[in-house]
Amino acid sequence: MEYTIANGYNWLTEMPSIKVQWYKVVWNKYNVPRCEFIIWLIQHKRLLTLDRLKMRGMDAPEVCFLCGSEPESHIHLFQECCFMKRCMQLLVDWVHIPITKLQNVTSLLKLRGISALSRKIIIAHVVGIHYWVWRCRNLCRMEHFVMQHVQVFQLIKQECYRRFQVSFAGSMSIQDRNWCQMLSIC
Ligand SMILES: [Zn+2]
């Protein structure tokens with residue numbers, strides 16, 4: 001068959017689509033926009049972590065820039081690294097929700113006992129943490145600059161607060177207002 005742009009699009013649209021759950025986390029109204037692309041890349045395991053650079057034959061160091069103790073990979077940076085864990089712990093302490101309910105996409109989407117608005121705000125902070133872990137890793141690698149996790153979490157809270165202020169429209173339930181006031185989000 002002769003290739004035409006129309007045939008190309010027809011072929012693409014006939015491809016079986018794969019339904020993923022994480023799109024609700026990636027494309028969340030209250031996410032800071034610049035963080036969404038990074039979390040999308042993380043879900044696809046497409047960031048150029050050191051293990052991937054090595055697989056491409058590049059002469060790269062192995063050990064994580066943030067903790068200096070384990071080989072760097074997506075799993076290490078975003079699940080195992082002590083820097084990631086410390087940032088997540090600050091979120092846990094702030095929202096009073098166990099880490100087991102915040103640590104992956106499935107558990108985030110299954111968060112119960114809170115409103116849809118609260119869930120989206122918490123997701124925005126988790127997405128922000130992922131973005132900042134990658135940014136801090138790059139600062140360590142490129143500029144040998146180390147940010148403290150407490151400082152990082154404050155920045156995430158400020159960014160998420162600003163995003164919420166410009167994105168939220170409509171009225172808020174009493175439950176949501178109380179929750180937001182408790183966390184100084186509104
Ligand atoms: Zn590490």
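How many helices and how many strands does the secondary structure of the chain come to? Ten helices and zero strands. The model you have open is a predicted one.

**Whole chain**

Start with the whole chain in cartoon view. From the N terminus on, the elements run α-α-α-α-α-α-α-α-α-α. The C-alpha trace spans about 60 × 45 × 25 Å along its principal axes. The chain has 186 residues, of which 25% count as buried. Take the contacts with a separation of 6 or more: 60% of them join residues 24 or more positions apart.

**The core**

Next, select Ile-39, Met-84, Cys-87, Val-127 and Val-133 and show their side chains. These are the residues with the most contacts inside the largest nonpolar core, which has 35 residues. Colour the elements that give two or more residues to this core: helix 2 (23–26), helix 3 (33–43), helix 5 (74–80), helix 6, helix 8 (116–143) and helix 9. Helix 8 gives the most, with 13 residues.

Stay on Val-133 and display what surrounds it. Leaving out residues up to four places away in sequence, Val-133 touches Leu-77, Phe-78, Phe-83, Met-84 and Cys-87.

**Helix 6 against helix 8**

Now select helix 6 (82–95) together with helix 8 (116–143). Two packed helices are described by the angle between their axes and the distance between the axes. The axes of helix 6 and helix 8 come within 10 Å and cross at roughly 155°. An angle over 145 degrees counts as roughly antiparallel, and helix 6 and helix 8 are therefore roughly antiparallel to each other. The crossing of helix 6 past helix 8 is right-handed.

To see the contact, show Phe-83, Met-84, Cys-87, Met-88, Leu-91 and Val-95 on helix 6. On the helix 8 side, show Ile-122, His-125, Val-126, Ile-129, Val-133 and Cys-136. By class, the residues of this contact divide into eleven nonpolar, one polar and no charged.

**Helix 6 against helix 9**

Helix 6 passes helix 9 in a right-handed crossing.

Which residues of helix 6 meet helix 9? They are Phe-83, Arg-86, Cys-87 and Leu-90, and they meet His-149, Val-150, Val-152 and Phe-153 in helix 9. This contact of helix 6 with helix 9 comprises six nonpolar residues, one polar and one charged.

**Helix 8 against helix 9**

The axes of helix 8 and helix 9 come within 9 Å and cross at roughly 135°. That angle makes helix 8 oblique to helix 9. Here too the crossing is right-handed.

On helix 8, select Ile-121, Ala-124, His-125, Gly-128, Ile-129, Trp-132 and Cys-136. Their partners on helix 9 are Val-152, Leu-155, Ile-156, Glu-159, Cys-160, Arg-163 and Phe-164. The contact of helix 8 with helix 9 has ten nonpolar, two polar and two charged residues.

**Lys-101**

Go to the loop between helix 6 and helix 7 (105–109) and select Lys-101. Is Lys-101 buried, exposed or partly exposed? It is partly exposed, because it has 17 other C-beta atoms within 10 Å. Not counting residues up to four places away in sequence, Lys-101 touches Ser-107 and Leu-111. For a distance check, draw a line from the C-alpha atom of Lys-101 to that of Ile-121: the two residues are 20 apart along the chain, and these atoms are separated by 14 Å.

**Two loop residues with positive phi**

Select Lys-45, between helix 3 and helix 4 (50–55). Lys-45 is not a glycine, yet its phi is positive, at about 55°. With 12 other C-beta atoms within 10 Å, Lys-45 is exposed.

Finish at His-144, in the loop between helix 8 and helix 9. His-144 also has a positive phi, near 55°, in a residue other than glycine. It counts as exposed, with 8 C-beta neighbours inside 10 Å.

Notes. Residues are numbered from 1 along each chain as its sequence is written. This is a predicted model: local features need pLDDT of at least 70, side-chain atom pairs count only at pLDDT 80 or more; totals for chains, interfaces and linings use all residues. Helices (H or I, at least four residues) and strands (E, at least two) are DSSP runs, numbered from the N terminus. A residue is buried if 20 or more other C-beta atoms lie within 10 Å of its own, exposed if 12 or fewer, and partly exposed in between; C-beta atoms are placed from the backbone. Two residues are in contact if their C-beta atoms, placed from the backbone, lie within 7 Å. A crossing is left-handed if the near helix is turned anticlockwise from the far one by less than a right angle, and right-handed if clockwise. Ala, Val, Leu, Ile, Met, Phe, Trp, Tyr, Cys and Pro count as nonpolar, Asp, Glu, Lys and Arg as charged, and the others, Gly among them, as polar. A nonpolar core is a set of buried Ala, Val, Leu, Ile, Met, Phe, Trp, Tyr and Cys residues joined through C-beta atoms within 7 Å. Axes are lines fitted to C-alpha atoms, for helices over the stretch in contact, and angles run from 0 to 180 degrees between N-to-C directions. Angles under 35 degrees count as roughly parallel, over 145 as roughly antiparallel, 65 to 115 as roughly perpendicular and the rest as oblique.
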